[in-house]
Structures are given as C-alpha cells and as structure tokens.
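Student: I would like to learn how to read chain interfaces. Can we work through one together?

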Number of protein chains: 4
Amino acid sequence: MIIVLKPQATEADAKSLLAQIASVGLKPLYMPGSERIVLGALGDERVLQSLNIEANPLVETVKPILTKYKLVSREVQAHNTVVRFGSAAVGGDRFAVIAGPCSVESEQQLLSVAEMVKSHGAMALRGGAYKPRTSPYDFQGLGIEGLKLLKKANDMLGIPTVSEVMDVSQVEKMTQYIDCFQIGARNMQNYGLLKIIGESKKPILLKRGLSATIEELLLAAEYIYDAGNPNIILCERGIRTFETATRNTLDLNAVAYLKQHTHLPVLVDPSHGTGIRELVIPLSRAAAAVGADGIIVESHLNPCEALSDGHQALTAPMFEQLMQELKPFVEAAGRTL
Amino acid sequence: MIIVLKPQATEADAKSLLAQIASVGLKPLYMPGSERIVLGALGDERVLQSLNIEANPLVETVKPILTKYKLVSREVQAHNTVVRFGSAAVGGDRFAVIAGPCSVESEQQLLSVAEMVKSHGAMALRGGAYKPRTSPYDFQGLGIEGLKLLKKANDMLGIPTVSEVMDVSQVEKMTQYIDCFQIGARNMQNYGLLKIIGESKKPILLKRGLSATIEELLLAAEYIYDAGNPNIILCERGIRTFETATRNTLDLNAVAYLKQHTHLPVLVDPSHGTGIRELVIPLSRAAAAVGADGIIVESHLNPCEALSDGHQALTAPMFEQLMQELKPFVEAAGRTL
Amino acid sequence: MIIVLKPQATEADAKSLLAQIASVGLKPLYMPGSERIVLGALGDERVLQSLNIEANPLVETVKPILTKYKLVSREVQAHNTVVRFGSAAVGGDRFAVIAGPCSVESEQQLLSVAEMVKSHGAMALRGGAYKPRTSPYDFQGLGIEGLKLLKKANDMLGIPTVSEVMDVSQVEKMTQYIDCFQIGARNMQNYGLLKIIGESKKPILLKRGLSATIEELLLAAEYIYDAGNPNIILCERGIRTFETATRNTLDLNAVAYLKQHTHLPVLVDPSHGTGIRELVIPLSRAAAAVGADGIIVESHLNPCEALSDGHQALTAPMFEQLMQELKPFVEAAGRTL
Amino acid sequence: MIIVLKPQATEADAKSLLAQIASVGLKPLYMPGSERIVLGALGDERVLQSLNIEANPLVETVKPILTKYKLVSREVQAHNTVVRFGSAAVGGDRFAVIAGPCSVESEQQLLSVAEMVKSHGAMALRGGAYKPRTSPYDFQGLGIEGLKLLKKANDMLGIPTVSEVMDVSQVEKMTQYIDCFQIGARNMQNYGLLKIIGESKKPILLKRGLSATIEELLLAAEYIYDAGNPNIILCERGIRTFETATRNTLDLNAVAYLKQHTHLPVLVDPSHGTGIRELVIPLSRAAAAVGADGIIVESHLNPCEALSDGHQALTAPMFEQLMQELKPFVEAAGRTL
C-alpha cells in the first residue's frame with residue numbers, strides 16, 4: 001500500500017505512521033518527495049485494515065498495490081476451475097448454454113420449454129421460482145411450486161437446473177429441488193446470503209451487480225470461496241450506464257479481464273445484458289468469441305404470454321437459430337457446443 | 001400507456017392489441033400515424049402487467065404515462081408524512097440530525113460518541129451492529145452485542161437509535177433493541193427484506209441503492225408501504241458515477257425531486273455521499289438548503305482508530321462546527337435545528 | 001409525439017394545445033384519462049420543435065414516438081452503405097482492419113509500422129498528427145509534418161490513411177494529405193466541425209463520444225449527412241462508466257443495435273475501448289462476432305518508446321497474432337479478412 | 001509516481017526502469033515486496049510523460065502521486081481568484097447571479113429579459129448566439145445578429161454579457177461584442193479552442209463536460225491558464241449518469257471539492273443541471289449553501305415561445321422568487337447578493 005501524506009505532514013508524523021505499519025508486520029518505506037511525503041507498506045495488505053490509515057487526517061490518499069481478492073485469483077490457481085452440477089460442466093471444453101424461461105409459470109410451460117432447449121443442446125435449465133421485481137404490483141413467482149416443477153423437469157428430462165435464491169430463508173428448502181443456486185444482480189452484495197451459500201457445497205452462479213465493479217464481483221466470490229464453497233460460476237449480465245437504447249450495457253471487457261485474472265468460469269447473460277430479443281444472438285456470438293465459458297439465455301415458447309421479461313425471451317425458432325449461429329464461433333474459440 | 005408498433009404491424013394487428021387492452025378494463029386508443037401505428041391504453045397501468053404488451057414481437061416500444069408508485073406519491077397524500085420513533089420526529093419543523101459511528105465498536109466508544117452528538121443537538125443515534133463489507137477480510141460488526149450497546153445508549157441517554165438490518169433473519173432480534181431499522185443501499189431491492197419490514201410497524205430508514213433510480217427508490221418504499229408500514233424515511237446517500245475524486249456523487253437533484261413527488265420525509269447522508277470528511281459540512285449545508293428533512297452523518301471521537309470508514313467520520317470539534325454552520329441554513333429554510 | 005399534461009390541466013388547456021399542434025400540420029389527438037389528460041401529435045416530429053411544447057408549464061412530460069434521425073436510418077435506406085477511400089472499402093464483404101500508431105512520431109516509426117500492418121493484411125493506416133491530450137503537458141502531435149508523413153506512407157506503400165481532425169481550421173490543409181478524416185470522441189458534438197466536414201465529400205470516421213448515447217451518435221452522423229456527405233463510418237470506442245479496471249467500457253450492444261438501425265458501416269476500436277493491450281485481441285474477436293464491419297487498432301513497433309498511449313498498442317508479434325486469431329471469427333461471420 | 005511491476009518482472013528489469021527514472025532527473029525508489037516489485041519516481045511527474053512507463057509490458061499499473069494540474073491549484077495560489085468583466089466580479093464577496101435566455105431570439109426578447117433580470121439583481125446577462133444542438137433540425141442560433149443584440153443590451157442597460165463560443169473561427173468576431181466567453185460542456189476538451197481562448201485575455205466561463213471528471217475540468221482550465229489567460233471561471237452544470245428523472249445530475253460534491261483544490265471561482269448552472277424549471281430554485285439555494293461563487297440560470301419572459309430549452313427557463317415571477325429565496329442562504333454563507 002502506498003500512502004500519500006498531506007502537504008502539512010512532517011517527518012515526525014511520517015515516522016509515527018511508519019511505526020504503526022511495522023507494528024502489524026509489514027515492511028515500512030519512507031519516501032520524502034519535493035511536494036509530498038510518500039510512505040509504503042509492503043506485504044499482505046489485508047492486515048492493514050486494522051490500522052485504518054485512511055482515517056488519519058494527515059493522509060491525503062491511500063493507493064492499494066495488491067487486489068484484495070486472493071482465493072479466486074489466477075495467481076493463486078493458474079488452471080481453470082470447472083464447476084459441475086448433474087450432467088453440466090461449466091468452464092471446460094464444452095461451451096455451456098443454460099436456457100429456460102425467466103419465471104416458472106406452469107408445469108406445461110416449463111416442461112415444454114425444457115424439452116425444446118434440451119433438444120437443441122442446452123446444458124442446463126434456468127427458471128425463476130422466486131422473482132425479484134422492481135414493483136410490488138408485478139408477478140412475484142410461484143415459490144415452492146416452481147421449485148417442484150424444476151425438480152420434475154430434471155427428473156423427467158435429465159437436465160440439471162439453476163434457480164435464483166433471494167434470501168437466506170430460502171436456501172434450505174431450495175437445496176433439495178435444484179442443482180445450482182443463482183445469486184441475482186441485486187443480491188451480489190447480500191453478504192449474509194453469500195456466507196450461507198458458501199457453507200453449502202452446491203454450485204453457485206453469481207451474477208454481477210448492476211453497478212458492481214469487476215473487483216467487487218471478485219470480492220463477492222471471495223466471500224463464498226472463503227466460507228468453503230469453491231464451486232462458483234461468475235456471470236456478466238450487463239451494467240447500468242447512461243445508455244437507454246438497451247436495458248443494460250453488456251460489459252464484454254469484463255469477461256476478457258476476468259478470464260485473465262480469475263480461475264473461475266465466466267458466463268454471459270445476453271438476455272438481461274441487452275433486454276432486447278433481437279440483440280441476443282449477436283451478443284451470444286460475441287460472448288463465445290471473447291472467451292466466455294458459456295451463456296445463460298431466456299427462452300419461452302410464447303413470449304407474449306410470459307409473466308415476466310417476455311420482451312427479451314427467445315422463441316423456439318430463435319433459440320434454434322441461436323444454437324446454429326453459435327456453433328462456428330464456439331468452434332473458432334476452440335470449444336465444442 | 002402508449003404503445004408504438006413496428007413499421008410492419010398492420011391495422012389488424014393493432015385491432016387485436018386494442019381488444020386485449022379493452023379486456024382488462026382499460027380504455028383503448030387507436031392512432032395511425034404516417035410512419036407507425038400508435039396505441040394508447042388509459043387507466044390504471046398496473047393491470048396492464050398481465051398483458052405483457054412489451055413481449056409482443058410487433059411492439060417497438062412501450063411508454064408508461066403514469067408512475068408505478070401510488071401509495072407514496074404526493075398525488076395520493078398532499079401533506080408531509082412525519083415519522084416518529086422515541087423522541088425523534090423526521091419530516092416536521094425540526095431539521096433532523098442523526099449521528100454516530102459507522103460501526104458500534106465498544107461500550108466506551110458508543111456511549112462517548114452518543115453523549116457528544118446528543119449534547120450538540122443530534123436527534124437520534126446511528127451505529128452499525130451488522131456491517132456489509134465489500135471484502136470478507138474487513139471488520140464485520142459486533143452483531144447482537146452491538147445491538148445491546150445501542151439499547152444501553154438509549155436507556156442511559158434517552159436518544160433513539162437507528163441501525164442497519166441486513167437480513168430477514170435479523171429482523172426479530174433487532175426489534176427489541178433499536179428504534180428504527182435502516183435498510184442499506186445494497187439491500188434497497190432485497191424484496192424479501194422489504195416485505196418483512198413492511199409487516200413490522202417500526203420506522204424504517206430506506207437508503208437509495210448505489211445505482212437505483214429515483215423511481216426505483218420510490219417503488220422500494222411502495223413495497224414497504226403496500227405491506228402495511230407507512231413509517232418510511234427515504235435517504236439519498238450518493239450514487240455511483242464515473243467520478244472518482246469523491247466516493248459517490250451526492251444527488252441533491254433527487255432530494256428536490258423527491259420532496260415534490262412524495263409525501264415521505266427525505267434525509268441526506270453526506271458522509272457516504274462524499275466519502276471525504278472535509279466535504280461533509282458543505283454538503284450538509286446544501287442538504288438543508290435544498291429542502292431535505294435532515295441529515296445522517298458519521299462521527300467518531302477518534303477516527304484514526306475507527307474499525308470502518310474512519311476517513312469520512314467527523315471528530316467532536318468538527319461535529320460541533322457542523323451544528324454551528326448548519327443553523328443559519330436550517331433557519332433560512334424555515335426550520336429549526 | 002405524446003404529451004402528458006399535469007393533473008391541474010383542464011380540457012380548455014388541452015384544446016389550446018391541440019390547436020397549436022394542428023397549426024403546424026400535425027394530426028392532433030385528445031386522450032382524457034382518469035388521472036391525466038394525454039395528447040398526441042402525429043406526423044413528422046421535426047416540425048414540432050417550433051412549438052416548444054415541453055416549455056409549457058402545464059406539460060408534465062413529452063415522449064417522442066419517432067427518432068429524430070432520418071437520413072442515416074435503415075428505414076430510409078435498407079441496404080448497407082459501403083464507404084470507400086483509396087483501396088479501402090468499409091461496410092462490404094471484407095472485414096476492415098485499420099491499424100497504425102496512436103501518434104505519428106517520425107518517418108522511420110510511421111513507415112515501419114505501416115509496412116508491418118500492411119504485410120499482415122491491414123486495409124488502411126491510422127496515425128494522429130494532431131492529438132487531443134487531457135493535459136497541456138503531454139505530447140501534442142507533429143501537426144503538418146505528421147500529415148506529410150502519412151501522405152508519404154500512402155505514396156510509398158499504397159495504403160490509404162485515416163487521421164483525426166480536431167478543428168475547422170485544420171480541414172482544408174488536411175484534405176490534400178489524408179484519405180479519411182477521423183472525428184474523435186471529444187469532438188463528436190462539435191457541430192461547426194460536423195458541418196464543414198459534411199460539406200466535404202471525403203469519408204469520415206465518426207467516433208462515439210465518451211458519454212454519447214447511440215441516438216446522439218446517429219444525430220451527429222445526421223448532421224454530416226444532412227450537410228451533403230454520406231460517406232460516414234461510425235465507430236464504437238468505449239463509453240465512460242463507473243468501471244475503472246478498464247479504461248472505458250466497450251459497448252458491443254451498441255454495435256449490434258446500430259447494425260439494425262442504420263445503414264452506415266460500424267467499426268470497433270478495441271484499443272481505446274479497453275485501454276489494455278492484453279484485452280485487444282479478445283475484444284477484436286468479439287467485434288467480428290457481433291457483426292461489426294471492422295476494427296481500428298493501435299500498433300507500434302516499440303510501444304515503450306511511443307509518445308502516447310503505448311500501453312494499449314500492439315507490438316508486431318501481437319498484431320500478427322491478432323490477424324491470425326481474427327480469421328476464423330471473421331469467416332464465421334460470413335466475411336473475409 | 002508509483003509503478004507496480006508484473007509478477008514476472010525481475011530485479012534486473014527493475015534496475016533498468018530505475019535508471020530511466022533517474023535519467024530524467026527524478027528520484028528513483030526500489031521497493032521489492034512479497035508478491036510484486038514496486039518502484040517510485042519522486043519529483044515533478046510531468047517530466048515522466050516522456051518515459052512512457054505505462055507502455056512497458058512489465059508494468060502492471062502506474063499510480064500518480066501528484067495531480068497533473070499546477071497553475072490552477074490552491075497549492076500554488078492560496079487566495080481566491082476574482083474574475084472581473086465590466087461591472088461583474090465573480091469569486092469575491094458578492095454572490096454572482098448570471099441570467100438570461102438560452103438563445104438570443106430577437107431584440108425585444110433579449111432586452112426585456114435583460115431589463116427584468118437586472119432589475120432583480122443579476123450581475124451579468126447570458127444568451128446564446130451560436131447554439132450547439134443535438135439535432136441538425138433544431139434552432140441553431142442567430143449568429144452575428146445575436147452578438148450585436150448582446151452588445152446593444154450592454155450598451156443600453158450597462159449589464160456585462162456572457163455568450164458561448166463554439167469554434168476557433170468565432171473567437172475574433174465575438175471579442176468585440178461580448179464581455180466573457182463561455183466554453184460549453186461539449187467543448188470542454190476542444191483543445192484548439194482552449195489554446196486560442198488562452199491567448200486572449202478575455203474572461204472565460206468554462207463549463208464541465210457531461211462526463212468530465214473534476215480533474216479533467218481542472219486540466220482544461222490549466223490549458224487556458226498555461227496559454228496565458230488566468231481569468232477563468234469554472235462551472236458545474238450537471239453530469240451524465242444513469243438517472244433519467246432529471247436531465248443531468250448536478251454534482252455539488254464537485255463544487256465543494258473544487259473550492260478546496262483550486263483558487264478559481266466556481267459557478268453552478270442549475271438550469272442545465274436539473275433540466276426542470278421547478279427544481280432550479282432549490283438547487284440554487286443549495287449552490288449558495290455548498291460554497292459556490294454564484295449561479296448561471298436561464299430565464300425567459302415567455303418560456304412557451306422560447307426557441308430552445310424553454311422547459312428549464314424561469315419566468316419573471318419565478319426569477320424574482322429565486323432572488324428572494326436565495327438571499328438568506330447567500331447571507332448564511334457570509335456573502336451578499
């Protein structure tokens with residue numbers, strides 16, 4: 001950590017801070033410059049937290065040298081992590097396509113979509129039983145009934161399932177019905193939830209928050225990993241920017257950056273990332289090309305009757321077209337579909 | 001709601017949509033233009049959700065006419081809501097100053113800060129027992145011990161308390177110890193939590209999410225109100241923008257806008273809103289001037305030893321200065337301090 | 001255009017506005033709702049500007065139905081525009097790679113880079129003679145000498161050139177030296193410049209502003225087109241968001257959106273879009289996959305000695321690798337390299 | 001400057017970089033840590049630009065210690081700069097109110113507004129003769145005729161004038177007609193314009209760009225100052241964020257920050273900063289409270305007939321109310337109106 005002192009700080013002030021730095025086992029450095037005194041503290045910066053250097057009125061700025069995440073970093077583990085649930089494996093040679101409706105709405109709806117996406121090569125089924133909705137007047141999900149339908153879909157079709165957990169109170173009951181938890185964008189920094197999920201061993205698909213930096217996403221993953229669960233799939237799903245022509249701004253820079261800095265697999269959600277059905281296929285192709293380990297997309301046999309997010313759901317013909325168009329890009333990226 | 005159809009939509013397509021609109025009791029309108037057919041649906045737009053118009057492949061865009069929030073709107077209630085807890089009243093003639101440490105750290109720390117802020121005129125005491133921290137390696141709060149200390153501070157000094165609830169599992173135990181729940185920025189859209197808090201009658205200080213629009217903040221309040229709890233205090237605490245010189249960008253536009261569109265009281269948090277101790281006083285003055293109902297600020301007798309966010313905490317002399325500087329601005333705004 | 005009146009507006013107020021709408025030749029519509037009166041004005045919304053409806057104190061919001069750009073819209077011209085300069089053609093079957101140094105620094109530097117990128121298949125050469133730099137203390141470009149070197153490179157190697165014009169005063173002298181103007185992100189809304197470039201017939205590469213919406217980019221292109229120059233290449237080069245791990249956030253959503261809404265060709269600049277040399281290749285692959293017509297990248301034989309932006313420049317071996325990696329993705333997109 | 005090397009960098013690599021640092025007269029520092037080697041370069045960081053350290057493939061990140069602006073910094077000049085033009089003085093004891101129409105539209109329009117704002121205490125008159133408009137189909141300003149009307153207003157009423165310069169070609173002719181140039185948000189980084197204005201001695205009101213950081217605003221001012229013109233007034237006019245309820249997000253954090261870090265005066269533009277007439281007064285009060293040196297607001301006797309931005313213009317009664325409401329806040333801030 002580099003510590004820049006304010007102009008009024010004296011050598012004595014600096015010495016006092018250096019003594020504190022040494023007291024926690026870090027190597028202190030003294031760099032008197034022409035306009036500012038600069039200090040260094042070398043070593044594991046996590047121990048510096050206790051010193052609370054930033055709060056010192058004589059400190060102008062503090063610049064960390066190292067990232068705060070360790071366990072999920074590629075420096076700690078160079079090879080890719082592959083996360084498996086049921087027959088699904090995310091992060092390996094096969095490009096993962098996870099598909100299904102935004103919300104589980106009925107047995108007929110779920111099973112027919114599940115069958116359709118599986119027949120075209122989807123690796124896993126997604127479907128929301130608990131729905132986070134901006135307005136209290138919108139459809140809130142089927143709850144436990146939805147979970148049972150997901151279980152039924154897996155029992156009948158042999159397709160593993162992913163569903164969003166919104167709350168610590170849902171973790172236990174969901175465990176028996178689904179194969180992979182999803183933590184949604186709004187809950188990426190719900191730390192109580194991260195810890196409880198971390199104590200489970202069930203795989204977790206962790207979505208980036210709407211305004212979360214890449215580092216915050218990795219630190220959220222670090223929470224889960226640190227609590228004991230290494231089966232984490234990251235997911236870029238679009239960030240909030242000033243642009244309103246698309247629902248969010250899909251950040252494929254982040255995907256390329258993540259693939260270089262973490263060993264965890266990275267998915268892309270072009271449905272939420274664009275919010276426009278017609279943009280899902282080109283952005284899925286781009287996700288494959290940029291190096292993502294797969295995509296998670298919304299699909300519905302009759303989007304006009306969908307109870308949520310129908311405008312971004314792919315119809316059956318569009319899903320088939322997606323898989324056909326994806327193939328050459330996935331292969332160009334050295335993977336199979 | 002205004003519905004713009006794609007260029008290829010025919011009159012027959014329009015008629016079919018108009019029939020759907022009429023079927024849910026709204027008044028349909030047909031507006032064939034030179035380049036697009038435009039439809040209208042007049043009435044309570046909340047019922048339109050079931051039609052899922054946006055998902056129709058022939059629909060280009062959907063433009064709502066009315067906001068989705070009703071209960072918290074000034075159109076529904078013209079007079080200001082005053083939220084009371086203990087001796088505190090937020091939204092009335094007196095400008096509310098809620099102050100205290102970021103985290104409860106020890107009995108000595110809490111009581112001495114509480115005494116100090118009370119002696120200078122603070123209306124309530126803030127202090128975190130459960131702390132949402134970006135990194136798993138940072139101080140996570142004292143938990144239940146922190147709550148007991150807040151209770152003790154109120155018992156000894158007669159100052160009502162506000163503390164953050166992070167999780168539905170904490171609601172019940174917190175109820176007996178504190179006077180006002182705070183829902184933090186990261187949990188503004190934790191809908192499970194909003195509903196449970198809504199079923200309580202205890203006042204709630206609801207902070208705007210880091211990237212939440214004003215409308216989303218009002219819809220989060222609507223969740224709580226709709227669940228039965230009208231005792232809601234809104235709080236602007238800075239939004240995330242491209243600017244990095246300050247920790248967040250305090251959005252005082254939002255405060256003026258909120259005062260015109262909702263009857264709920266609105267606080268400002270200049271500590272998180274700026275992240276820089278030296279900017280807290282000028283932005284507190286601005287908060288009073290723009291029409292906020294009060295501020296919530298962090299204060300610590302020894303910020304250098306604070307276990308979290310010490311860099312934005314006011315020392316005792318600075319807190320005293322804050323109260324002195326605030327006075328003429330509060331009075332210029334027609335209130336008392 | 002849809003006009004929502006404030007609650008206090010009466011039927012008489014509405015009638016007065018409707019008369020104004022009719023007076024400019026638009027079709028007026030009256031839609032009295034339960035909570036608001038809504039008006040419509042159907043026809044070419046550009047004529048509405050003179051009425052200044054938004055300024056009316058009884059008007060709550062105004063919602064345009066149609067976009068303000070016409071000439072650059074795919075509704076006006078369904079087929080793709082191909083922009084040609086020298087041997088280069090952007091927007092056709094061949095995926096365009098425009099490459100070269102950030103700044104022209106010397107004859108030796110420019111010619112050796114030009115030779116290298118041409119030998120690997122670059123279609124055109126980029127190089128800045130006038131440099132917009134955030135700090136007055138940074139290298140500001142060679143000016144006219146740089147332009148002459150670009151001309152020399154084209155004369156010797158037969159590679160057409162692109163260079164940034166920063167000011168109306170530079171247009172005339174640049175015309176004789178280079179083959180395609182670039183308007184940089186900071187000048188996307190420099191309307192005097194747009195108009196003068198529009199009066200020229202020389203092709204123009206128009207970069208999206210750092211915080212420009214897609215619609216604003218298209219309106220900037222409309223300025224040029226409207227002034228008489230249809231030879232416009234759009235370029236997505238990253239937008240400014242809260243994320244700081246990368247220099248900008250490359251918005252590939254925008255590329256897919258633009259390809260659907262305009263007939264103009266669209267390039268991607270992954271060098272500025274990421275600001276990190278190691279991310280240029282994956283994002284170039286993604287650009288090809290999402291449907292861009294080409295890329296513009298920075299390359300330098302010795303980035304450590306570059307006078308500007310060396311950290312994002314590709315070395316010769318990296319440029320060769322880029323072209324090799326691009327090939328299968330360009331072909332998967334149905335184009336040639 | 002602090003330079004963090006990549007993990008693979010060796011001691012020899014570090015020594016080579018340190019020699020380069022020493023070669024330009026800076027003091028080199030070697031800090032080998034447990035996970036990374038860190039280097040320091042102490043002294044005037046402006047000379048480091050020539051070394052291009054960031055481009056070195058062994059360099060992970062570069063962290064500047066000092067800001068790049070010097071001349072406009074409060075460290076170089078502790079006392080406030082007061083900028084004078086005609087009878088106006090911005091930055092002194094009197095809180096500056098600059099008011100007038102968005103665009104100059106006619107003699108009658110300009111003179112009547114000028115008289116009105118002057119009678120209520122405005123210090124200077126604003127009015128656009130050249131208008132930057134997003135769409136080519138919007139009103140573009142009266143040009144030279146507008147300038148002559150501004151001159152006439154000053155001749156008749158003795159009120160100094162401010163008007164926007166959009167282009168280097170306009171500088172000379174504008175000089176004779178107006179008293180203070182305005183550089184608009186879209187041109188904040190039009191460096192050719194900044195330099196030419198810098199060679200003039202006429203005061204300049206420099207608006208912050210829509211997505212410019214505070215540091216970039218100060219560097220734009222540094223361009224002008226460095227070119228020889230110290231008469232610079234900064235202006236916060238709202239930044240672009242994700243929020244759409246208001247036109248922009250007025251950043252009053254920036255005003256407080258600027259007052260601490262620069263000696264230049266700082267104005268606030270609540271008209272563009274909010275884009276909503278009803279929010280102009282509360283945000284003007286907040287501007288006075290946060291420590292701004294004044295405001296610049298749009299006013300029009302008949303906003304419904306304004307040719308641009310009428311929705312944010314204050315009517316005469318509202319302007320009078322603004323001045324009345326401002327008074328106690330300006331006085332609370334220790335100034336006069």
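Predicted model: local features only at pLDDT ≥ 70, side-chain atom pairs only at ≥ 80, totals over all residues.

Tutor: Residues are numbered from 1 along each chain as its sequence is written, chains are lettered from A and ligands numbered from 1 in the order in which they are written, and side-chain values use heavy atoms, with hydrogens and water left out.

Student: How many residues of chain C are in contact with chain D?

Tutor: Contact means heavy atoms within 4.5 Å. On that rule, 51 residues of chain C touch 51 residues of chain D.

Student: What area is buried between chain C and chain D?

Tutor: The size of an interface is often given as the accessible area lost when the parts come together. Here the buried area (accessible area lost, 1.4 Å probe, summed over both parts) is about 4,200 Å², and carbon and sulfur atoms give 46% of it.

Student: How many salt bridges does the rule find between chain C and chain D?

Tutor: The rule wants a side-chain nitrogen of Lys or Arg within 4 Å of a carboxyl oxygen of Asp or Glu. It finds 4 across this interface. One of them joins Lys6(D) to Glu278(C), with the closest N and O atoms 3.2 Å apart.

Student: Which helix gives the most to the side of chain C that touches chain D?

Tutor: Helices here are DSSP runs (H or I, at least four residues), numbered from the N terminus. α6(C) gives the most, with 5 residues.

Student: What rotation superposes chain C on chain D?

Tutor: Copies are superposed by least squares on C-alpha atoms of residues with pLDDT of at least 70 in both. The rotation is 180 degrees, with 0.0 Å of shift along its axis and an RMSD of 0.0 Å. That is the relation of a two-fold axis. Ser211(C) comes closest to the axis among residues of chain C, at 3.0 Å (C-alpha).

Student: Why do the copies meet through the same surface?

Tutor: Because 100% of the interface residues of chain C are also interface residues in chain D.

Student: What about chain A and chain C?

Tutor: There, 38 residues of chain A contact 37 of chain C. The buried area is about 2,800 Å², with 67% from carbon and sulfur atoms. The rule finds 2 salt bridges. Among them, Arg208(A) pairs with Glu243(C), the closest N and O atoms being 2.7 Å apart. α9(A) gives the most to the side of chain A that touches chain C, with 9 residues.

How values were computed
Buried area = accessible area lost by both parts, 1.4 Å probe. Helix = DSSP H or I, 4+ residues; strand = E, 2+ residues; numbered from the N terminus.
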